[in-house]
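Hello,

Here is the structure we talked about. Please open it first, then read the notes below.

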Amino acid sequence: MKGARFDQLRTFWAEFRRVKSGLVGLALLGVFILIVLLAPWLSPYSQADKRWRDMTYWIDSPRDARPLWVNWFTSRKYTETQTINAASSKETITGSGSSTMRIEEMEFPYQYKAGYPPNDIMIKLGVTGRSSYEVLIVRPDGKQMSYRGSTTIEGAQVVRLSVVETLASRVYAALAPSEDPAFAAQKDPTQIDPMSALFAKAQPGVFTNPVNVPGTYTVKVKLALIGPDAKLDTSQVLVMGGVSGILGTDDGKRDLWSGVVAGTKWALLLGLLTSLISVAVGVIYGVASGYFGGWIDALMNRIYEVFTSIPLLPILIVMSAVFKPSIWIMILVMCVFFWTGPVKTVRSIALQIKENAYIEAARGLGASHGRILFRHLVPQLLPFAFASMALSVPGAIVTESSLSLIGLGDATVVTWGQILRDAFGSGAVLKGVWWWVVPPGLAIAVMGMTFAFIGFAMDTILNPRLKTR
Amino acid sequence: MSEPILVAENLTKWFPVKRSVGQVLRGNRTWVRAVDGVSFSIEKGEIFGLVGESGCGKTTTGKLIMKLLEITDGRLYVSGEDVTHVRGRALEKHRRAVQMIFQDPYSSMNPRFTIRDVLMEPLEIHKVGKDMKEREAWVREILNEVKLSPPEEFLVRHPHMLSGGQRQRAATARTLMLNPSVIVADEPVSMIDLSTRAEILHMMRQLQRELGLTYIYVTHDLSTARYFTDRLAVMYLGKIIEMGPSGTVIDRCLHPYTQALIGAVCEPVSGKVNQVKDVPIKGEIPAATNIPPGCRFHPRCLYAIPECWEEVEPKLVDIGGGHMVACRRHEEIERVGAAARTSEASLGIRRATRIS
Amino acid sequence: MAMERVLEVRDLELHYFTRKGVVRAVDKITFDVRQGETLGVVGESGCGKTTMGTALLNMPTPPGRIVGGQILLDGLDILKISEQEIRRRVRWESISMVFQGAMNCLTPVYTIEKQMKETLQQHREMSKEEARTRMKNYLNMVGLADDVLQRYPHELSGGMKQRVVIAMALFLEPRVVICDEPTTALDVVVQAQVINLLKDLKSQVNLSFIFITHDLSIEAEVSDRIMVMYAGQIAELGTSDQIFGPQGPAHPYTQRLLAATPLLHKEVTELAFIPGTPPDLVDPPSGCRFHPRCHVVMDRCLKDEVPLREIEPDHMVACWRCFHE
């Protein structure tokens with residue numbers, strides 16, 4: 001018995017192997033499953049899935065960075081994101097007891113080579129206790145800009161000083177003297193691009209037409225830790241490059257590769273679960289309708305027609321407005337509408353099978369309707385069910401994406417549709433942030449294609465109507 | 001003989017014809033009168049044949065006995081118990097007592113099942129046997145019974161891996177699984193090659209003797225019916241028109257329709273190539289929705305006289321020796337037939353013109 | 001019976017090339033069909049009789065291929081000429097076929113007239129009137145009224161449809177008509193009527209029939225000569241009298257088949273049967289192909305392949321028992 005089943009499987013595989021698109025689909029599916037399984041290792045941000053909307057989680061990555069591989073195709077390179085640790089530090093202790101003050105002096109040299117300047121430079125200081133600090137950025141030509149600040153509360157805290165956000169006016173002040181005075185006077189300090197100016201030659205046009213100067217730019221930090229308990233936990237300078245990660249980042253600094261990886265799981269889950277439930281329901285419904293016939297069939301047909309004639313999207317929109325949008329409710333609602341897919345075909349196949357004498361023979365032996373349905377009819381429809389399951393996966397994924405896109409998705413999970421929605425919401429298309437829009441879109445398309453390929457291949461082999469032999 | 005094991009009294013099955021909206025509104029209702037009042041009784045251990053052309057209601061009668069179809073009217077008794085409208089427990093009992101062998105051994109077994117699955121199914125349905133071991137032993141015993149041995153070899157095969165004859169043996173085995181008393185065999189050999197046909201019939205007859213079975217043999221083939229059955233009923237348009245011991249019905253048939261049927265049979269005998277076959281019948285079989293008034297055979301009958309369509313339908317009457325015929329003119333026909341037999345005239349002369 | 005030979009088949013071989021191997025469905029068959037006779041071809045399912053029928057039209061069903069032999073139709077080898085030529089000159093023009101279940105070959109959406117006219121006009125240039133007259137003639141010949149022309153297939157009974165199909169096989173006046181199980185799907189009475197029709201036609205028009213069936217009884221009714229096939233080969237070929245006459249057939253297979261046929265007017269207690277099943281034609285048995293099922297098998301039957309030899313005029317047998325050497 002087992003051997004025969006195995007044989008069937010083997011013939012099926014032999015036939016499947018001959019359908020090339022099916023093999024491609026299978027390979028792609030394998031890739032997707034691998035991505036889901038290896039997600040913790042593939043994604044540099046292991047909590048991307050849970051903390052996608054938690055902006056603090058992403059704070060240390062660059063904003064709007066392009067994918068790393070963009071540099072392979074451009075002549076003028078984008079700066080890569082890097083973390084610089086203190087190259088040299090010096091500690092001086094003055095006073096004693098409660099008036100102890102330790103002064104830490106650190107230098108962070110940054111070798112700026114060429115190409116586009118970094119998107120931002122962030123000085124990150126982790127401090128416990130009270131302190132005051134002075135940050136000094138020294139350019140290769142000696143021009144420098146400084147910033148002073150202090151921490152006043154007890155306990156650990158992280159100070160993040162962004163050149164773009166905090167030091168822009170200092171950069172302006174330091175470089176304005178070199179700019180054409182007439183121009184410098186009318187230029188609003190907040191309108192300049194501080195990063196371009198910081199790495200530009202101090203000459204007229206430094207704000208309008210910057211010429212980048214390679215060299216060592218040093219960030220000097222002088223930190224006074226006040227009191228015996230105060231201490232320095234971390235100190236880093238983050239150069240936020242123009243490129244970051246496999247797929248870049250969005251304007252919320254989120255790593256898009258991590259997002260797409262996290263979305264794979266949801267796409268597979270949503271697609272497979274929806275199609276599994278809806279096809280199972282549809283097949284059983286269709287079989288029952290065909291098998292029982294008569295008024296039961298007529299009634300079931302009318303119910304089927306009602307469901308097929310209700311438009312899905314408006315219902316989903318209303319549902320999402322009434323309930324708190326959740327992926328589970330979405331799956332449920334899609335199942336409620338997608339089960340109609342296989343019904344007609346299954347019913348017609350069931351009508352054929354039930355004419356076979358062995359169905360009558362089983363009835364003559366006293367088999368119950370349930371036994372005939374599940375022992376004789378449904379097993380013959382399994383191949384078709386698998387094929388139609390594969391074919392209905394893309395529909396579910398696309399529907400979820402569309403809903404997410406119009407803002408009715410489940411905001412607590414990362415789906416490809418959600419990423420797309422964020423992209424459109426922040427005008428990514430208008431701003432030319434293509435790396436935010438293309439990957440999730442492509443992922444949806446490829447996932448759809450994967451199951452379509454598998455489904456078509458199974459359909460050609462298993463669908464009795466397409467069978468030529 | 002012992003008392004009858006199966007009695008059909010005026011068994012009737014009418015199928016409603018699908019109506020258009022107009023017909024529903026007008027209240028028209030048409031019926032296909034597939035089985036239109038059939039009565040017979042079968043003794044235990046008898047082989048009873050039901051013969052006729054397609055559409056005569058012989059298969060429907062078989063299915064009514066199986067209770068695969070709801071009986072429209074009349075009564076059906078098995079072993080003295082009224083099973084006409086039984087349900088639940090009693091129906092289950094009926095299912096065990098009456099089994100059926102289907103015409104097409106190719107479609108009567110689920111192609112996905114192995115022979116083991118096929119034979120296990122009745123046991124599973126009726127929860128026969130304590131455990132798998134006992135069931136399996138029973139399956140093997142039955143396979144030996146129908147000469148499918150060694151059983152191990154056949155248990156694992158699928159129906160399509162068997163020859164037609166083997167398949168019909170397996171189908172027979174399935175009917176035996178529940179120790180039935182009556183088996184309805186619907187054309188069991190018509191799709192089997194001639195060389196093995198006799199083998200199957202032989203096996204069936206052996207089983208019948210060993211196990212004391214009663215068969216209802218439904219067929220269109222008069223030759224095998226003569227060979228296989230004890231008694232024969234000829235059906236036309238849902239009614240039995242002639243019934244009696246097989247030899248008598250075939251050799252001394254009295255109903256004009258039976259005569260036509262017998263005249264139509266081909267036999268492997270030389271010297272017939274240049275003779276036109278004598279088939280004393282005219283026209284075509286009418287639709288079962290529109291059964292002719294009076295004797296239902298009259299439009300095709302060469303012996304028909306006005307009484308045949310003006311008066312009520314003739315009943316089956318016993319003319320001696322259990323030979324029953326439903327024809328108004330059977331006495332005249334018998335006289336002519338006897339004369340024809342004594343003068344050794346060929347069948348061709350036995351025509352309506354000779355009587356009237 | 002020294003009549004003109006219409007069709008001569010010489011060493012015809014047709015193989016099916018399947019995944020399981022080469023099925024030798026028709027294996028070196030040689031026979032003639034004479035002018036005005038009916039040759040019956042009889043055998044069990046899978047013996048190659050239908051395959052042979054389609055081979056005679058040179059249209060084997062894939063994956064079958066004619067791999068050798070000659071089919072001479074009035075002296076013309078139809079295996080040598082192009083498909084186009086066959087279509088124009090041979091198929092339906094000089095040899096036609098009534099297929100198994102042919103009555104289901106009628107298209108349900110066209111009237112009989114339209115379907116018949118199509119066949120006619122493909123082969124003959126004919127005015128509308130001429131065509132109609134001809135169609136009516138042939139319908140009348142097979143016992144149908146003119147008004148059948150205007151009817152659709154579903155309005156006709158099985159027997160009437162079969163008559164229409166027979167008329168269509170006849171109306172290009174071919175030399176040979178192959179009938180493949182023309183009566184199998186029909187009821188006894190209708191079957192007898194169709195058999196009578198064929199007998200009638202034979203006396204009216206001087207053409208030859210090849211009548212393929214699995215039923216020996218029907219062959220006894222219609223065929224002048226009978227060819228018994230077993231496992232792709234001819235087992236016995238003889239006249240109706242030689243096969244069905246009192247002396248009985250010579251080949252043990254034919255003998256057993258005949259003994260397995262129940263007779264209507266005879267009380268038979270035990271019928272004969274042939275044990276076992278027909279052989280697998282991918283790997284047929286050695287020697288005589290019938291030997292594993294034969295009740296009079298000899299040593300020689302297992303080793304030597306048996307030729308078809310004439311044992312008396314017009315009677316050919318392939319059985320070592322029958323050769324008195």
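**Where chain C meets chain B**

The contact takes 41 residues from chain C and 37 residues from chain B. Keep in mind that this is a predicted model.

Look at the chain C side. Four helices each supply at least two residues to the side that touches chain B: α6 (188–204), α7 (216–222), α8 (240–244) and α9 (252–260) of chain C. Which helix gives the most? That is α6(C), with eight residues. Sorted by class, this side of chain C has 20 nonpolar residues. A further 13 are polar and eight are charged.

**Where chain B meets chain A**

Now turn to chain B and chain A. Here 21 residues of chain B are in contact with 17 residues of chain A. On the chain B side, three elements each bring at least two residues: α3 (88–97), β6 (98–101) and α4 (115–126) of chain B. The largest share comes from α4(B), which supplies five residues. By class, the side of chain B that touches chain A holds eight nonpolar, seven polar and six charged residues.

**Domains of chain A**

Last, chain A itself. The domain assignment gives domain 1 and domain 2. Domain 1 of chain A is made of two stretches, 2–53 and 256–462. Domain 2 of chain A covers 79–240. How far apart do the C-alpha centres of these domains of chain A lie? They are 54 Å apart.

Best wishes

How values were computed:
Residues numbered from 1 in each chain as written. Chains lettered and ligands numbered in written order. Predicted model: local features only at pLDDT ≥ 70, side-chain atom pairs only at ≥ 80, totals over all residues. Domains from an automatic or database assignment. Contact = placed C-beta atoms within 7 Å. Nonpolar A, V, L, I, M, F, W, Y, C, P; charged D, E, K, R; others polar.
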